[in-house]
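Please work through each task before reading its solution.

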Amino acid sequence: PIPTPATDTPQTHTQTQSPQTPTFVAYGGLHSVNPDRVILKKIIITGHPSKINKSKAIVRNMFNNAEDVRWFKPVELWTKYGRSGSILEPLASKGRFKAKFDSVLLNQDTICMSLYKRVYPKWPQLEELKRVTEEKESGSGDKH
């Protein structure tokens with residue numbers, strides 16, 4: 001990023017300032033001018049293996065119920081020691097689950113899941129989408 005000063009030309013001029021004198025507003029960096037740029041927030045949730053059998057493990061302390069386990073089943077798991085894996089099935093109702101990894105898991109390993117949330121641009125709200133579509137429909141009806 002290149003440091004970019006931002007200035008603002010005053011609209012009202014006093015006797016001490018000339019019309020061409022800009023006022024310093026901010027100083028910062030510019031990453032990109034791409035309008036399709038998306039800014040994401042990354043969250044990592046962690047769990048611990050309670051029982052390990054070679055490359056399979058029972059993971060605890062990541063979720064609170066079986067419904068959450070089923071919801072996040074398609075998301076890939078990874079460990080601090082570099083293993084990658086996936087959720088096989090939930091166990092009971094307390095949020096524990098079976099997971100399979102690409103190689104042997106260690107007892108001191110931590111199982112992680114990366115989750116991403118779109119921060120900018122924000123998703124349009126459902127009510128706003130309904131309002132816009134209604135305006136378009138009513139606007140197109142008036143033209144005929």
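**Exercise 1.** Determine which side chains meet in a salt bridge at 3.0 Å, N to O.

*Solution.* A salt bridge requires a side-chain nitrogen of Lys or Arg within 4 Å of a carboxyl oxygen of Asp or Glu. The side chains of Glu 135 and Arg 131 form such a pair, at 3.0 Å from N to O. Helices (H or I, at least four residues) and strands (E, at least two) are DSSP runs, numbered from the N terminus. This is a predicted model, in which local features need pLDDT of at least 70, side-chain atom pairs count only at pLDDT 80 or more, and totals for chains, interfaces and linings use all residues. Residues are numbered from 1 along each chain as its sequence is written, and side-chain values use heavy atoms, with hydrogens and water left out.

**Exercise 2.** Classify Glu 135 and Arg 131 as buried, partly exposed or exposed.

*Solution.* Buried means under 20% relative accessible area, exposed over 50%, and partly exposed in between (1.4 Å probe, protein chains only). Glu 135 has 46% and is therefore partly exposed; Arg 131, at 42%, is likewise partly exposed.

**Exercise 3.** State how many salt bridges the rule gives, and examine the pair involving Lys 98.

*Solution.* The count is two. Lys 98 meets Glu 89 at 3.3 Å, N to O. Lys 98 is partly exposed at 33% relative accessible area, and Glu 89 is partly exposed at 34%.

**Exercise 4.** Assign Tyr 116 to its strand and classify its exposure.

*Solution.* Tyr 116 belongs to strand β8 (residues 111–120). Its relative accessibility is 53%, so Tyr 116 counts as exposed.
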